[in-house]
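Here's a quick briefing to read alongside the model. Have the sequence and the 3D view open as you go.

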Amino acid sequence: MGEIVAGGVSELQNLSSSDCRRYSKHVKDNVHGFILLDPLALKFIDTKQFQRLRDLKQLGVTNLVFPGAVHSRFEHSLGVYHLAGEAVNELKRYQGSELGIEPFDVQSVKIAGLLHDVGHGPFSHMFESGFLPNVLGGAKWSHEDMSDRLVDYIVDEHHIEMEDGMLKKVKEMIVAGTKHGSAERVKEKRFLYDIVANGRNGIDVDKFDYIVRDSRACGLGCSFQFERLLQTMRVMDDEICYRAKEYLTVHKLFNTRADLHRTVYTHAKVKAVELMVVDALLKANDYLQIASKIHDPAEFWKLDDTIIKRIETDPYPELKESRDLILRIRRRDLYQFCNEFTVPRDDLEHFKEVTAKDIICSQVSGGVTLQEDDVAVSNIKIDLTQGKNNPLKSIKFFQDYDVDQNFTISDQSISQLLPSCCLDRIVRVYSKKPELVAVVSEAFENFQQQKYGRKTQVHGTPQKKKQRRV
C-alpha cells in the first residue's frame with residue numbers, strides 16, 4: 001500500500017485533494033460496497049497486529065453450524081470504520097458549524113471504529129467469556145481494555161505519528177461503552193463518543209455493521225435498516241437523538257440483535273462446540289502458557305484462531321487431552337445437549353448461575369455416579385443491551401427538525417405488542433459423554449424440581465438421545 005508517514009489530521013490537511021486520493025485506497029466490501037481507506041487508516045491496517053484480525057473469526061466457532069459464518073474481525077473493523085465516517089460526516093453536513101465538528105473529530109471517530117476490536121482474543125467473545133474466567137480467578141479482563149493497550153503498542157512499534165490529543169481521544173472512544181469508560185467525564189462534544197461504542201443507550205455503528213454482516217453470513221434475513229437512523233439522526237443537548245417516527249426502527253435494532261443471540265450466537269450446537277474448545281484451551285494452558293500472554297500486548301497479538309491447529313498438530317503428550325477434544329469436534333462427536341429451561345421471570349432478579357456441581361448434587365438414583373467433569377453447563381443471558389431495562393427508555397427523540405426539544409417515549413404509547421420484559425436467562429446442560437445423557441438429564445430435571453418446585457423445561461429429553469451409546 002501507499003508509502004506515507006501519516007501524521008494525523010494536521011499532515012492530512014497539508015495534502016492536496018489529489019495527493020490524499022493518491023495515498024488512499026478503495027476496498028470492495030460485501031456489505032457496504034466500496035470503502036475508502038485514508039492514509040492514516042492504512043498505516044494501522046498495514047501492520048501485522050491489525051492483519052491478525054484476518055485470523056479471528058467474527059463469530060468464533062459458529063461456522064461449524066452456519067457454514068457461511070467465516071467472516072473475520074478484519075472486515076467487520078473496516079465496516080465499522082466506514083460507518084463511523086458516514087455517521088460523523090452526516091452530522092457534520094447538517095450541524096457541522098453548530099456543533100464545531102472539525103476534521104480532527106472526523107478522523108478520530110473513524111480510527112476508533114477501525115481499531116475498536118483489535119484487542120479480541122482467539123474465537124472472539126468465547127475467549128473472553130468462556131476461557132478467561134476459568135484461569136483468571138476473578139480478575140477482570142476485557143477486549144476493550146486490550147484494544148486500548150494495543151493501540152499504544154501499534155503506534156510505538158510502527159512509529160505512527162499522531163497528535164497526542166487524537167490518540168487519547170481514539171482510546172477513550174474505544175472504551176466509551178464499558179462500565180469504566182471515561183466518556184461521562186467528557187465536557188464537550190460528548191456525542192462523538194456515542195458513535196462507535198455507545199455506553200449511553202447502545203445505538204452505535206458497531207451494532208449497525210455486525211447485525212447486517214452476521215445475518216448475511218448466516219443466510220438469515222435482516223429487516224433492520226440502519227441507513228434510516230444514520231440519515232435522520234440529530235444532535236440535541238450534546239446527545240444524538242432520533243426522529244420519533246423511527247421508534248420502531250430503533251426497537252428493531254435491539255430486537256434483531258436479541259434474535260441473533262437466540263438463533264445464532266447461542267445456538268445449542270454452537271455452544272456445545274464452544275464448551276469443547278474452552279475445555280481444550282484449558283487443558284493446553286499449562287503447556288502453551290496462553291493465559292500468561294493476555295496482559296502483554298507484545299505477546300497477546302500473537303494469539304489467534306490458529307491456536308487450535310497448533311494443538312491439533314503438536315505431537316507433545318502434554319497436549320493429548322486437548323488434541324482428543326479437537327478430534328472429537330472434527331468427527332462431530334460433540335458434547336450432547338440434554339435439555340434447557342428459561343428462568344422464570346420472578347426469579348430473574350436473584351438468579352445465580354448454575355454449575356456442574358449443582359447438577360451432580362441433584363442426582364438421586366443409583367447406577368452411574370456423575371462427576372463434575374461429566375457435565376457442562378451453559379448459562380445464557382439474552383437482553384436488549386441493558387439487562388432487564390428497556391434501552392429505548394434512555395433514548396432521546398425529537399418530533400421534527402424545526403423543533404428544538406427532545407423527549408423520551410414510553411413503549412406503551414407506541415404499541416401494546418412490545419415486550420414488557422427485556423431479559424431472558426436460559427440454563428442449558430450438556431453431557432460430555434454420550435452414554436451419560438440419560439443420567440445427566442434426570443439429574444437436571446431433579447435440579448429444576450428442587451429449585452422451582454416443578455420442571456421448568458418445555459419437554460423431556462428425546463428417548464433416542466438417552467439410549468445413545470459410544
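A quick definition first: contact here means heavy atoms within 4.5 Å. Keep in mind that this is a predicted model. The points below cover a helix pair, one phenylalanine and the aromatic rings.

**Helices H10 and H12**
- H10 spans residues 205–217 and H12 spans residues 247–265; their axes come within 11 Å and cross at roughly 45 degrees.
- That angle makes H10 oblique to H12, and the crossing is left-handed.
- On the H10 side, the residues in contact are Lys207, Phe208, Tyr210, Ile211, Asp214 and Ser215.
- They meet Leu253, Thr256, Arg257, Leu260 and Tyr265 of H12.
- Sorted by class, this contact has six nonpolar, two polar and three charged residues.

**Phenylalanine 398**
- You'll find phenylalanine 398 in strand S7, residues 397–398.
- Its relative accessible area is 0%, so phenylalanine 398 counts as buried, the cut-off being under 20%.
- Leaving out residues up to four places away in sequence, phenylalanine 398 touches Thr232, Arg234, Met236, Cys241, Tyr242, Arg243, Ala244, Gln405 and Phe407.
- Its C-alpha atom is separated by 25 Å from that of aspartate 209, which sits 189 residues apart from it along the chain.

**Aromatic rings**
- Searching the whole structure turns up 12 aromatic pairs.
- Phenylalanine 398 and tyrosine 401 have ring centres 5.3 Å apart and planes at 55 degrees, so this pair is tilted.
- Tyrosine 401 is partly exposed, at 39% relative accessible area.
- Elsewhere, Phe127, Phe131, Trp141 and Phe300 make up one aromatic cluster.

How values were computed
Residues numbered from 1 in each chain as written. Predicted model: local features only at pLDDT ≥ 70, side-chain atom pairs only at ≥ 80, totals over all residues. Heavy atoms only, no water. Helix = DSSP H or I, 4+ residues; strand = E, 2+ residues; numbered from the N terminus. Buried < 20%, exposed > 50% of the residue type's maximum accessible area, 1.4 Å probe, protein only. Axes fitted to C-alpha atoms, helices over the stretch in contact; angles between N-to-C directions. Parallel < 35°, antiparallel > 145°, perpendicular 65-115°, else oblique. Left-handed = near helix turned anticlockwise from the far one by under 90°. Nonpolar A, V, L, I, M, F, W, Y, C, P; charged D, E, K, R; others polar. Phe/Tyr/Trp six-rings, centres within 6.5 Å; stacked < 30°, edge-to-face > 60°.
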